[in-house]
Amino acid sequence: MPAKFNPSDYWYNQPLWFVNVMGWFWIFEEASYALVVALWRTGYPITAMSTVFVLYNGLWSLINVIPKYIEGFPYVDVLPFRFFHQYWAGIMLAIIVKERMANKVQPTKWMATVGVCLFLCLYLVDPTSWDLRTESILKRYGWSTPLMCLIIMGLAEGADPLAKVCANPQLFFFGDLAFAFYAMQATVWAPIRFLPKPLDIIPYHVRYVALFPILLGVAYVVNRYWQIPIRRRIEEWGKTLP
């Protein structure tokens, strides 16, 4: 039987997943930075980065798609190899944004908006099919990374309409809730598995949207009574250091 993956690993990111991915990035940060600098010095950084990205991700995708169709073929989709190309792309993007600002290049006006629209189109294809949603090569193996780069660059440069919306001070409140929202989503999502059978006719994505207000409330409580007090204690402790 071909290798089968647990969809729950990809429906949502549990807190430990975040630490695991970022931990590997920190471990390989220096090596990743050295590679990106070498690509930058070629004189054709975007072309060089794109070539490395496509070759690495193409090989990695192929290696991990084969087990789905060939019984007994080893499955090697393990950290940190799954994310190397995304680390490189992120570092290259940071350098590009910095250079564009330093050289006073005219900011892009629609890059983030276009990126978000394309991103939503990609992720909303057949949202009731969790197998398609989680097994898609475009999503699982990082082929949507270029879209994320478009979004981040557009937001960073600030001229995009979406960037202006995100700069609204009233949205900062939701920014404060972002990590709690992220960390608690698995906890709020889990009870859906125990809903009565008649409710199975409701598509999963509809149930998830219905739980959004509850998740937002839980995030507010966690942020208000856990994150903020801990942050204040850390700040007070920092003031005592020599």
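Reply: Let's start with L177, which sits in helix 11, the stretch covering residues 172-189. Keep in mind that you are looking at a predicted model. Is L177 buried or exposed? Its relative accessible area is 2%, and because buried means under 20%, L177 counts as buried.

What does L177 touch, once you set aside its neighbours within four places in sequence? It is in contact with L216, A219, Y220 and N223. Take Y220 as an example: it lies 43 residues away from L177 along the chain, yet the C-alpha atoms of the two are separated by 6.2 Å.

Now step back to the helices themselves. Helix 13 spans residues 212-239, and helix 11 packs against it with the axes 7 Å apart and an angle of about 115°. Angles of 65 to 115 degrees count as roughly perpendicular, and helix 11 and helix 13 are therefore described that way. Where helix 11 passes helix 13, the crossing is right-handed.

From helix 11, the residues involved include F173, F174, L177, A180, F181 and M184, while helix 13 brings, among others, F212, L215, L216, A219, Y220 and N223. Sorted by class, this contact between helix 11 and helix 13 has 16 nonpolar residues, 3 polar ones and 1 charged one.

Next, let's see where nonpolar residues gather inside the protein. The largest nonpolar core holds 20 residues, and V36, M49, Y87, W88, M92 and M153 are those with the most contacts inside it. Helix 3 (29-40), helix 4 (45-69), helix 5 (84-102) and helix 9 (145-157) each give two or more residues to this core. Helix 5 supplies the largest share, with 10 residues. Our residue belongs elsewhere: L177 is part of a second, separate core of 8 residues, which also includes A180, L211 and A219.

Finally, here is the whole protein. It has 13 helices and 0 strands. Of its 242 residues, 33% count as buried, and L177 is one of the buried residues. Look, too, at the contacts with a separation of 6 or more: 76% of them come from residues 24 or more positions apart.

How values were computed: Residues are numbered from 1 along each chain as its sequence is written. This is a predicted model: local features need pLDDT of at least 70, side-chain atom pairs count only at pLDDT 80 or more; totals for chains, interfaces and linings use all residues. Side-chain values use heavy atoms; hydrogens and water are left out. A nonpolar core is a set of buried Ala, Val, Leu, Ile, Met, Phe, Trp, Tyr and Cys residues joined through side-chain atoms within 4.5 Å. Buried means under 20% relative accessible area, exposed over 50%, partly exposed in between (1.4 Å probe, protein chains only). Helices (H or I, at least four residues) and strands (E, at least two) are DSSP runs, numbered from the N terminus. Contact means heavy atoms within 4.5 Å. Axes are lines fitted to C-alpha atoms, for helices over the stretch in contact, and angles run from 0 to 180 degrees between N-to-C directions. Angles under 35 degrees count as roughly parallel, over 145 as roughly antiparallel, 65 to 115 as roughly perpendicular and the rest as oblique. A crossing is left-handed if the near helix is turned anticlockwise from the far one by less than a right angle, and right-handed if clockwise. Ala, Val, Leu, Ile, Met, Phe, Trp, Tyr, Cys and Pro count as nonpolar, Asp, Glu, Lys and Arg as charged, and the others, Gly among them, as polar.
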